[in-house]
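Please look over the sequence and the model shown here before reading on.

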Amino acid sequence: MSGALFTSLLVLVLCALILGLVLAWGRHLACPPFRGGEAEQKALDLLKQWLSSVQLAQYESTGHFDVTGCHSGKHYRIRHGRQMNIYELDQNNVAIAVWCFGPEGCLPVGDIMLAQKITLETDEHAALAVANRCR
């Protein structure tokens, strides 16, 4: 590879990295994380209203709750968080995969978790079709 071609590729890669950092930083500024406040409390209150008594007790003691997928019957654990917070569990409650999906927009964590719960319990296939999965 010639020196000029290598330099051009290096500049192109650096420009792509800088653009990615600028876009990520811009998203952070447009949607700052919620830190307490009225919106976050209202979202958590709504989430708790939608949880079964078992899920609510689990969430209040551990910071997560379990749901069953409507199509597969698989068990998922939704941890308190905005992303990479859904664990697929095996029959021994051991995590075998981590899923990430949620609604678009800058939302409090309670609203995101509620959307994840409702989607897994009512349209699991659609949720997993758009989700990112890690082992």
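The model described here is predicted.

## The sheet

Five strands make up an open sheet, arranged in the order S1-S2-S3-S4-S5 with antiparallel pairing. Because S1 and strand S5 (132-134) each have a single partner strand, they stand at the edges, and one side of each is left without a neighbour in the sheet. Neighbouring strands are turned by 30° against each other on average, direction ignored.

Between S4 and S5 the antiparallel pairing runs over three bridges, and Trp99 has Arg133 in S5 as its bridge partner. Helix H3 (residues 53-62) packs on the sheet, where it touches S1 and S2, and its direction makes about 145° with that of S1.

## The nonpolar core

The largest nonpolar core contains 19 residues, and Phe65 and Leu120 have the most contacts inside it. Helix H4 (109-122) is among the elements that each supply at least two residues of this core, and H4 gives the most, with four residues. Leu120 touches residues including Val67, Tyr76, Ile78, Phe101 and Leu128.

## Asn85 in its loop

Asn85 lies in the loop between strand S2 (75-79) and strand S3 (86-89). Its relative accessibility is 3%, so Asn85 counts as buried. The side chain of Asn85 reaches the backbone oxygen of Gly81 at 3.0 Å, and a polar contact of 3.0 Å joins the side chain of Asn85 to that of Gln116. Among the other residues that Asn85 touches are Arg77, Trp99 and Met113.

Note on methods: Residues numbered from 1 in each chain as written. Predicted model: local features only at pLDDT ≥ 70, side-chain atom pairs only at ≥ 80, totals over all residues. Heavy atoms only, no water. Buried < 20%, exposed > 50% of the residue type's maximum accessible area, 1.4 Å probe, protein only. Polar contact = N/O pair within 3.5 Å; in protein donor to acceptor, adjacent residues only side chain to side chain. Contact = heavy atoms within 4.5 Å. Core = buried A, V, L, I, M, F, W, Y, C linked by side-chain atoms within 4.5 Å. Pairing = 2+ DSSP bridges. Axes fitted to C-alpha atoms, helices over the stretch in contact; angles between N-to-C directions. Lists of a residue's contacts leave out its neighbours within four places in sequence.
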